[in-house]
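Let's take a walk through this model together, starting with its aromatic rings and ending at the ligand.

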Amino acid sequence: MTADITPTTGSHSAILSLGVYRPDRVVTNEEICKTIDSTDEWIRTRSGIRSRRFAGPGETSVTMATSAGRKAIEASGLDAEQIDCIIMATSSHYSQTPQAATLVADALGLPGPGSFDLSAGCAGFCHGLAVASDLIRAGSSRHVLVIGVDHMSPSLDMTDRTSAFIFGDGAGAVVVGPSETPKIGPVVWGSDGAQAHAIRQVPTWMEMVVADEYEHPWMRMEGQSVFRWAAFTIGKVAQDALDASSVTVDDLDAFIPHQANQRINELIVRGLKLPESVPVADDIVETANTSAASVPLAMEKMLREGQVSGGGLALLVGFGAGLAYAGQVVRLPETPVES
Ligand code: UT7
């Protein structure tokens, strides 16, 4: 008879710490409106955005991720060599090979962790968190660094008024590790590939190579289609994530949805019947949509401003390119946040 597989480790999982990176350069709506036919008032009313941060010269997804990752490791109190895996959720590492996670691992001086990139658009961080949690629970990893990072600004056509104002740059990282009690609930995730065209790179790299007509690949978004999909789908995803963890809206200390559009989040809140006493992340106002970084950045703002305390129960939900979504209930990290 063959032996059963018996993991030597394996436990519940928790977010142990959080670190973020916000680029210095603040870009106002007025600056965006220099190249598109729009107004500050239109952008604020339709999306909630007042400003965003753009990365400076020399800054990339790798440098931003490294900075956020270093802060998360410091806040965790762990030694760097205790991180045995890095998951980098990003759609804007502008080189197909090598993957960004190994570059970040090297920059952080980690001695050869498992490292891979995860591409799930704006839902990337919640996907990465789910994978990290399950790696720990299965005994495959002990401490996983999950980084949500996107460097959107180089992919924006600043003359396209349907997308130029929406996105910003940034990074947020968490260390996920073992816990005596469950502090990361089951993920609820899914996708609708039939709507893949709604957020996409135009042209693809191969179209760019074979045709002379293109100078630059841009991120294109069919905003209305994505809005309708999100408004219709994500409320149910959020409720399913609560149900999967056997908690109700009354148990929540915070709701941290992807920062794509304040109006979408208001619709989700209404659909959930979220009590008014539960604070809702509003980082979009000054950070815009940072894609895979938006959920950890929004988490950091809420903790920094005292809207919620460490250890509080929060519902996370990410959604976007794919179209794909992922959400889960978590206990927020209790260590001081590295901003
Ligand atoms: O993170 C990934 C997931 N992304 C999202 O979830 C984004 C979802 N979509 C959205 O957030 C919204 O669709 C936008 C904020 C992008 C756009 O808002 P909207 O309310 O859906 O605008 P719309 O596309 O329906 O356009 C309404 C009007 C149109 O004019 P008419 O046809 O009513 O005369 C547009 O031509 O606004 C016009 N318009 C603008 N006007 C001023 C479109 N873009 C602009 C603009 N400034 N930038």
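Tryptophan 42 has 37% relative accessibility, so this residue counts as partly exposed (buried is under 20% relative accessible area, exposed over 50%, partly exposed in between, with a 1.4 Å probe and protein chains only). This is a predicted model, where local features need pLDDT of at least 70 and side-chain atom pairs count only at pLDDT 80 or more, while totals for chains, interfaces and linings use all residues. Residues are numbered from 1 along each chain as its sequence is written, and side-chain values use heavy atoms, leaving out hydrogens and water.

Searching the whole structure turns up 2 aromatic pairs (rings of Phe, Tyr and Trp, the latter by its six-membered ring, with centres within 6.5 Å; planes under 30 degrees apart are stacked, over 60 edge-to-face, the rest tilted). Tryptophan 42 pairs edge-to-face with phenylalanine 165, at 5.6 Å centre to centre and 90 degrees between the planes. Phenylalanine 165 is buried, at 5% relative accessible area. Tryptophan 229 and tyrosine 325 form a tilted pair, with 6.5 Å between centres and 40 degrees between planes. Both tryptophan 229 and tyrosine 325 are buried.

Now to the ligand. Of the 22 residues around it, Ser38, Gln224, Asn261, Arg263 and Asn289 come nearest (a residue is near if one of its heavy atoms lies within 4 Å). By class, this shell has 11 nonpolar, 7 polar and 4 charged residues. An oxygen atom of the ligand is 2.5 Å from a side-chain N or O atom of glutamine 224, and a ligand oxygen is 2.5 Å from a side-chain N or O atom of asparagine 289.

Terms used: A polar contact is a pair of N or O atoms within 3.5 Å; within protein, one must be able to donate a hydrogen and the other to accept it, and residues adjacent in sequence count only if both atoms are side-chain atoms. Ala, Val, Leu, Ile, Met, Phe, Trp, Tyr, Cys and Pro count as nonpolar, Asp, Glu, Lys and Arg as charged, and the others, Gly among them, as polar.
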